[in-house]
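Work through the following exercises with the sequence and the 3D view side by side, and try each task before reading its solution.

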Amino acid sequence: MTAGADLQSTLGAVLGAVSGGAPSTPVVITSAAIASRLLALRDLAGLGVKVVIAPEAAGRLIVIDADGLAWVDGGGSVTLSEHGSAQLDDAPTHPATSATVVIDFFSRNLVGIKAVRFTSWMRRADAVAFATIA
C-alpha cells in the first residue's frame with residue numbers, strides 16, 4: 001500500500017485494508033519514530049488500537065488484526081550433550097578451515113544445551129496490511 005499525504009490518512013487507509021475495514025483487535029507495529037508521530041496525532045489506546053514498537057518495522061506502518069492470526073505452540077525439547085564440540089566464535093566459519101578452533105565438551109568438562117521450540121502460525125488473507133512511510 002502506498003503512503004498517503006499525511007500520516008493520519010495513511011493510518012486510516014491501512015486500518016481500512018484490514019479485516020474489511022473493521023478489525024476487531026487492531027495492532028499497529030512500527031518504528032519508534034513513526035510511533036511518536038502517530039501518538040502525537042491521536043490517542044490510539046483510547047480507540048482500542050495497541051501500538052508495538054519494533055525497529056525491524058523500519059519505515060513501515062503495519063496493521064494486524066490479532067483475531068485473524070492463529071498460533072500453535074507444539075511444546076519444545078531440551079537435550080544435553082557432554083560429547084559434542086563447538087566453535088566458540090562470534091563469526092564462525094563454515095565449512096571449518098585449518099584455522100578453526102573447535103572446543104571439545106568432554107575434555108573441558110562442559111555441557112552443550114540444545115533447546116528447540118515447535119511453533120506454527122497462519123493468518124487470514126486480510127488480517128495484515130502495511131504502508132511504507134517516507
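Contact here means heavy atoms within 4.5 Å. The model is a predicted one, in which local features need pLDDT of at least 70 and side-chain atom pairs count only at pLDDT 80 or more, while totals for chains, interfaces and linings use all residues. Residues are numbered from 1 along each chain as its sequence is written, and side-chain values use heavy atoms, with hydrogens and water left out.

**Exercise 1.** Find which residues Asp-73 touches, not counting residues up to four places away in sequence.

*Solution.* Begin by locating Asp-73 in strand 4, where strands (E, at least two residues) and helices (H or I, at least four) are DSSP runs numbered from the N terminus. Leaving out residues up to four places away in sequence, Asp-73 touches Arg-117, Phe-118 and Thr-119. Asp-73 has a relative accessible area of 38% and is therefore partly exposed, a class that lies between buried (under 20%) and exposed (over 50%), with a 1.4 Å probe and protein chains only.

**Exercise 2.** Determine which residues of helix 2 are buried, and how they are arranged around its axis.

*Solution.* The buried residues of helix 2 are Ile-34, Ala-35 and Leu-38. Viewed down the helix axis, these residues fall within an arc of 100°, so they line one face of helix 2; the arc is taken from the directions from the helix axis to the C-beta atoms. As a general rule, an α-helix has 3.6 residues a turn, so residues three or four places apart point the same way. On the face turned away from the buried side, helix 2 carries the exposed residues Ala-33 and Ala-40. The buried residues of helix 2 pack against helix 1, strand 1 (26–30), strand 2 (50–53) and strand 3.

**Exercise 3.** Identify which of the 15 residues in the largest nonpolar core touch the most other members.

*Solution.* A nonpolar core is a set of buried Ala, Val, Leu, Ile, Met, Phe, Trp, Tyr and Cys residues joined through side-chain atoms within 4.5 Å. In the largest such core, the residues that touch the most other members are Leu-11, Val-28, Ile-34, Leu-38, Leu-61 and Val-63. At least two residues of this core come from each of helix 1 (7–16), helix 2 (32–41), strand 3 (60–65) and strand 8 (128–132), and helix 1 gives the most, with four residues. Finally, setting aside neighbours within four places in sequence, Leu-38 is in contact with Leu-7, Leu-11, Val-28, Leu-44 and Leu-61.
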